[in-house]
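Have a look along with me, and I will jot down what I looked up as I go.

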Amino acid sequence: MKLTLRPYEPGDFEALYRIDRACYEPGIAYSRRMLREYLELPESRCLVALLGQEIAGFVIAVWQDWYAHVITIDVGEQARRHGVGSALMSAIEKQMAQAGVRMVELETALNNHPAIAFWQKLGYRAVSVYPRYYQNRTDAYRMVKEIASVRFRRPRM
Ligand SMILES: CC(C)(COP(=O)(O)OP(=O)(O)OC[C@H]1O[C@@H](n2cnc3c(N)ncnc32)[C@H](O)[C@@H]1OP(=O)(O)O)[C@@H](O)C(=O)NCCC(=O)NCCS
């Protein structure tokens, strides 16, 4: 099925909420209120991935100046291992680079082995641990990646 990416639209909200609930256990999954708050932050950007007509996943990130934070990336279970997560991250990192971002940061649970493998494949590295970071008291890795900003690059002479 064809994969397309587009910016979040308000009508997507319930689908995103359902995917997030299915992706994370209680204590890590967002309430409707938290998800809405993240989507409505002034610096927030959300990209949605569609497989055919169906929403297969999404990513939410915020950035300001040279620094970006990935709030969440969620791919529905049936759509996993088909490059959806990689496509979402590639597209949002491109937007970040165009905005001048040079450092991307995120947190992921120490026991979330698929996610850790995913982030490592994309070039992120764990630099520290936040003890009891999540509501359910699970620890999190802080993971970072440097990206090449394209905003201030001088044209070649
Ligand atoms: C993590 C997640 C976003 C990955 O999305 P995805 O669309 O399946 O990822 P991709 O298909 O682009 O995978 C890219 C690479 O990441 C690695 N990877 C992804 N899932 C993996 C898994 N379950 N086990 C091992 N490696 C994995 C692989 O190297 C994979 O490449 P390959 O399939 O060619 O071997 C998805 O599993 C997910 O939504 N999980 C639940 C929510 C979550 O944990 N989000 C991250 C929280 S920080």
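Before anything else, a word on pairing: two strands pair if DSSP finds at least two bridges between them. Helices (H or I, at least four residues) and strands (E, at least two) are DSSP runs, numbered from the N terminus. I also noted that this is a predicted model, where local features need pLDDT of at least 70, side-chain atom pairs count only at pLDDT 80 or more, and totals for chains, interfaces and linings use all residues. Residues are numbered from 1 along each chain as its sequence is written.

**Entry: the chain as a whole**

I found 4 helices and 7 strands in the chain. Along the sequence they follow the pattern β-α-α-β-β-β-α-β-α-β-β. I then looked up the extent of the C-alpha trace, which spans about 55 × 40 × 30 Å along its principal axes.

I went through the pairs next. Strand 1 and strand 2 are antiparallel, with 5 bridges, and here Pro7 stands opposite Leu47 of strand 2. Strand 2 and strand 3 also run antiparallel, joined by 8 bridges. Leu47 turns up again, with Val59 in strand 3 as its bridge partner. The hairpin of strand 2 and strand 3 has 2 residues between the strands, and Gly52 takes a positive phi near 65° there.

Strand 3 and strand 4 pair in the antiparallel sense over 8 bridges, and Gln64 stands opposite Tyr67 in strand 4. Their hairpin has 2 residues between the strands as well, and in it Asp65 has a positive phi near 55°. Strand 4 and strand 5 are a parallel pair with 3 bridges, where His69 has Glu105 of strand 5 as its bridge partner.

**Entry: strand 3 and what covers it**

Is strand 3 largely enclosed or left open? I counted it as largely enclosed by the rest of the structure, because 8 of its 11 residues are buried. A residue is buried if 20 or more other C-beta atoms (placed from the backbone) lie within 10 Å of its own, exposed if 12 or fewer, and partly exposed in between. Over the chain, 25% of the 157 residues count as buried.

**Entry: around the ligand**

I looked up which residues surround the ligand and found 19, the closest being Arg80, Gly85, Ser86, Pro114 and Ala117; a residue counts as near if its C-beta atom, placed from the backbone, lies within 6 Å. Strand 4 (67-75), helix 3 (84-99), strand 5 (103-109) and helix 4 (113-121) are the elements that each give two or more residues to this shell. Helix 4 gives the most, with 5 residues.

**Entry: Thr138**

Last, I picked Thr138, in the loop between strand 6 and strand 7 (140-146). Thr138 is partly exposed, with 17 other C-beta atoms within 10 Å. Thr138 and Ala109 are 29 residues apart in sequence, yet their C-alpha atoms are 6.6 Å apart in space. Leaving aside neighbours within four places in sequence, I listed Ala109, Leu110, Asn111 and Tyr133 as the contacts of Thr138, a contact being two C-beta atoms, placed from the backbone, within 7 Å.
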